Amino acid sequence: MRKSVVVKKLALPALVLLLVAVVLINGAAISAGTEKVTSKLLFAVHVVALYAKAPDQKLEMPVQGVTKSQIADTWHVPRAGDRLHEGQDIFAQRGTPVLSATDGYVVGIGENSLGGQTVSILGAGGRSYYYAHLDSYAANLAIGDHVTTQTILGYVGNTGNAAGGPTHLHLGVYAREGALNPLPLLADRPEEKSTVKTPKIESVKKRR
């Protein structure tokens with residue numbers, strides 16, 4: 001293998017490690033600014049390791065009690081402001097637990113005008129998983145936390161631009177090339193396969 005090829009393969013993880021380390025050391029605290037620099041560097045190492053892995057080919061259903069057959073496909077449905085919906089809406093009652101669809105690390109917890117209360121998870125291959133319109137967050141969830149498919153991130157709501165509409169989770173999946181449709185990747189959780197399936201809930205296409 002030529003030297004230039006080797007350099008290119010090593011460059012991205014090295015650059016990611018450097019950038020994450022610089023950001024974390026210079027103020028973006030992992031958890032309320034109390035962790036030591038060594039913990040921050042360890043987090044950076046975990047991030048680089050995730051980038052080196054192949055992206056997940058299957059995502060576990062993130063809303064407890066919902067099966068894939070119940071989801072009405074909302075990918076690229078037109079939204080206000082000439083936007084296209086870059087994700088899937090998964091409808092459920094307010095307060096239904098939202099679990100991580102993948103293993104990974106919490107890289108974002110915060111609120112914005114569109115998504116309301118949101119959580120972002122970094123997974124294998126550097127893919128980002130975005131959970132929006134949460135009613136509330138799971139207790140003690142913090143940036144830098146390792147999560148599995150059994151980790152509760154928050155609870156279904158209708159915050160952000162979903163206010164006043166039916167409660168649901170917006171799930172977004174983002175790769176280096178842009179947004180991906182989560183629906184083909186989603187799979188029922190083992191504990192949900194034996195449950196009785198209810199009729200599919202039609203999506204509300206108009207958003208504020």
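Student: What relative accessible area does Asp135 have, and how is the residue classed on that basis?

Tutor: Asp135 has a relative accessible area of 30% and is therefore partly exposed; the class lies between buried, under 20% relative accessible area, and exposed, over 50% (1.4 Å probe, protein chains only). The model is a predicted one, in which local features need pLDDT of at least 70 and side-chain atom pairs count only at pLDDT 80 or more, while totals for chains, interfaces and linings use all residues. Residues are numbered from 1 along each chain as its sequence is written, and side-chain values use heavy atoms, with hydrogens and water left out.

The side chain of Asp135 meets that of Arg94 in a salt bridge, at 3.0 Å from N to O; the term requires a side-chain nitrogen of Lys or Arg within 4 Å of a carboxyl oxygen of Asp or Glu. This pair links distant parts of the chain, 41 residues apart: Asp135 belongs to strand β8, and Arg94 to the loop between β4 (88-91) and β5 (97-99). Strands here are DSSP runs of E with at least two residues, and helices are runs of H or I with at least four, numbered from the N terminus. Arg94 is likewise partly exposed, because its relative accessible area is 45%.

In the whole structure, the search finds two salt bridges. Another joins the side chains of Arg189 and Glu60, at 3.2 Å from N to O. Since Arg189 lies in the segment after β13 (186-187) and Glu60 in strand β1 (residues 59-60), this pair ties together parts that are 129 residues apart in sequence. Both Arg189 and Glu60 are buried.

His133 has a relative accessibility of 5%, so it counts as buried. Its backbone is also of interest: His133 is not a glycine, yet it has a positive phi of about 70°. Most residues other than glycine have a negative phi. Asn140, again not a glycine, also has a positive phi of about 70°. This residue is found in the loop between β8 and β9 (146-147), and with 76% relative accessibility it counts as exposed. Asn140 and Leu153 are 13 residues apart in sequence, and their C-alpha atoms are 9.8 Å apart in space.

Strand β8 pairs with β10 in the antiparallel sense over three bridges; two strands pair if DSSP finds at least two bridges between them. Within this arrangement, Ser136 has Tyr155 in β10 as its bridge partner. Strand β10 is also joined to β5 by three bridges, and those two strands run antiparallel. There, Leu99 stands opposite Ile152 in β10.

The largest core has 28 residues, of which Ile90, Ile121, Tyr131, Leu169 and Leu186 touch the most other members. The elements giving two or more residues to this core are β7 (116-122), β8, β10 (152-156) and β11 (168-175). Of these, β11 gives the most, with four residues. Leaving aside residues up to four places away in sequence, Ile121 touches several others, including Ser128, Tyr129, Tyr131 and Leu153; contact means heavy atoms within 4.5 Å. A second, separate core has five residues, among them Phe43, Val47, Tyr105 and Leu122.

The structure holds one aromatic pair. In this pair, Phe43 and Tyr105 are edge-to-face, 6.0 Å centre to centre with 70° between the planes. Rings of Phe, Tyr and Trp (its six-membered ring) pair if their centres lie within 6.5 Å; planes under 30 degrees apart count as stacked, over 60 as edge-to-face and the rest as tilted. Because Phe43 lies in helix α2 (residues 37-52) and Tyr105 in strand β6 (residues 104-112), the pair ties together parts 62 residues apart in sequence. Phe43 counts as buried at 8% relative accessibility, and Tyr105 is buried with a relative accessible area of 12%.

Finally, the setting as a whole: the protein chain has two helices and 13 strands. Of its 208 residues, 45% count as buried. Among contacts with a separation of 6 or more, 69% are between residues 24 or more positions apart.

Definitions and conventions: A nonpolar core is a set of buried Ala, Val, Leu, Ile, Met, Phe, Trp, Tyr and Cys residues joined through side-chain atoms within 4.5 Å.
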